[in-house]
Amino acid sequence: MASYETLLLERRGRVAVITINRPQKLNALNIQTRAEGAAALEELREDESVRVVVITGAGEKAFVAGADISEFEGRTAVSQRDVMTARSLFTAVDTFPKPVIAMINGFCLGGGCELALSCDIRVASETARFGQPEINLGIIPGGGGTQRLTRLVGEGKAMELILTGDMIDAQHAYNLGLVNLVVPASDLEAKTLELANRIAEKSPVALRMAKEAVKTAARANLDEGLRREIDLFALTFSSEDKDEGVRAFLEKRKPDFKGR
Ligand code: COA
């Protein structure tokens with residue numbers, strides 16, 4: 001197992017928890033954190049014991065307060081473009097073959113909000129705060145914010161957040177559909193892990209196909225998406241997990257999915 005300087009990686013049964021660990025900088029994403037995050041996901045991709053990944057931030061104050069602004073000074077346009085495209089953490093999360101849940105424990109801003117948006121499900125503490133404040137720095141979101149936020153909450157709400165740079169609270173984020181669940185801070189870990197473990201009991205093959213099918217909805221037109229869904233649905237019929245799931249239902253017992 002690799003060791004990382006800017007994040008913690010723990011395996012809790014079938015759930016792996018990645019904690020961005022720069023609390024003194026509100027877990028801002030510097031170049032090293034992005035690279036380590038992508039490397040940690042690469043490690044977890046091949047690990048059959050891990051079925052669901054949770055991403056969170058260290059400390060009580062922040063999930064991730066954005067890109068590390070101190071790295072912006074003096075950068076050229078070309079080098080900044082390279083940072084955003086090479087081994088993009090956001091794309092690594094988005095295309096990761098297992099479900100990824102954001103456990104949002106505080107400030108979720110800029111690149112932090114984009115990281116959460118790249119995840120499949122977002123669980124927020126009541127104390128979380130959300131925003132795309134890039135406009136206040138004279139820049140715009142560059143980690144997918146203009147695209148993923150718009151797809152999730154619609155153009156009007158995304159425009160408002162991106163053009164004003166305003167912060168909103170967790171309840172507001174929930175009302176917009178930006179987060180799936182808001183829970184008291186003291187319950188955040190337990191509720192998120194409960195959800196993660198519930199998903200981890202499903203067939204890993206079916207989870208993978210389901211994630212890919214849902215992701216296709218934002219990328220393809222309806223006819224292409226429906227064709228892709230049928231192909232992925234049919235693929236699940238080649239799995240031992242499908243035989244086990246059907247047999248378990250007929251035998252009135254809980255299925256034991258092996259991921260094959
Ligand atoms: N990049 C680099 N450092 C950051 C950071 C970021 N995105 N966000 C916070 N920090 C650092 C602060 O500079 C400070 O470091 P210091 O103690 O060495 O001075 C430390 O984290 C604590 O933050 P601080 O600003 O003192 O906390 P606060 O409670 O007063 O304010 C925020 C919290 C989130 C409102 C404020 O930190 C903030 O606006 N951060 C930037 C958010 C942003 O614009 N993100 C998008 C970047 S593109």
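**Reading the core and its cavities**

A: Let's start with one residue in this predicted model: beyond its neighbours within four places in sequence, Ile 18 is in contact with Leu 7, Leu 8, Leu 9, Ala 40, Leu 41, Leu 44, Val 53, Val 54, Ile 55 and Thr 56.

Q: Nice list. Which residues touch the most other members of the largest nonpolar core?

A: The general idea goes like this: in soluble globular proteins, nonpolar side chains tend to be buried together. Here the largest nonpolar core has 43 residues, and Ile 18, Val 53, Ile 55, Phe 63, Ile 104 and Phe 130 touch the most other members. There's also a second, separate core of 15 residues, with Val 15, Val 54, Met 103 and Ile 199 among them.

Q: What lines the second largest cavity?

A: Ile 18 turns up again, along with Ile 20, Gly 37, Leu 41, Ile 55, Leu 89, Val 93 and Leu 115. The elements giving two or more residues to that lining are β2 (15–20), α1 and α3 (89–94). By class, it has 7 nonpolar, 1 polar and no charged residues.

Q: How does the lining of the largest cavity divide by class?

A: Into 5 nonpolar, 1 polar and 4 charged residues. Arg 34, Asp 68, Glu 71 and Arg 75 are in that lining, as are Leu 29, Ile 31, Ala 67, Phe 72, Gln 80 and Val 83. Two or more residues each come from α1 (31–45) and α2 (77–85).

Terms used
Residues are numbered from 1 along each chain as its sequence is written. This is a predicted model: local features need pLDDT of at least 70, side-chain atom pairs count only at pLDDT 80 or more; totals for chains, interfaces and linings use all residues. Side-chain values use heavy atoms; hydrogens and water are left out. On a 1 Å grid over the protein atoms alone, a cavity is a set of points where a 1.4 Å probe fits but cannot get out, and a pocket is an open set with protein on both sides within 12 Å along at least five of seven lines; lining residues have an atom within 4 Å of a point. Helices (H or I, at least four residues) and strands (E, at least two) are DSSP runs, numbered from the N terminus. Ala, Val, Leu, Ile, Met, Phe, Trp, Tyr, Cys and Pro count as nonpolar, Asp, Glu, Lys and Arg as charged, and the others, Gly among them, as polar. A nonpolar core is a set of buried Ala, Val, Leu, Ile, Met, Phe, Trp, Tyr and Cys residues joined through side-chain atoms within 4.5 Å. Buried means under 20% relative accessible area, exposed over 50%, partly exposed in between (1.4 Å probe, protein chains only). Contact means heavy atoms within 4.5 Å.
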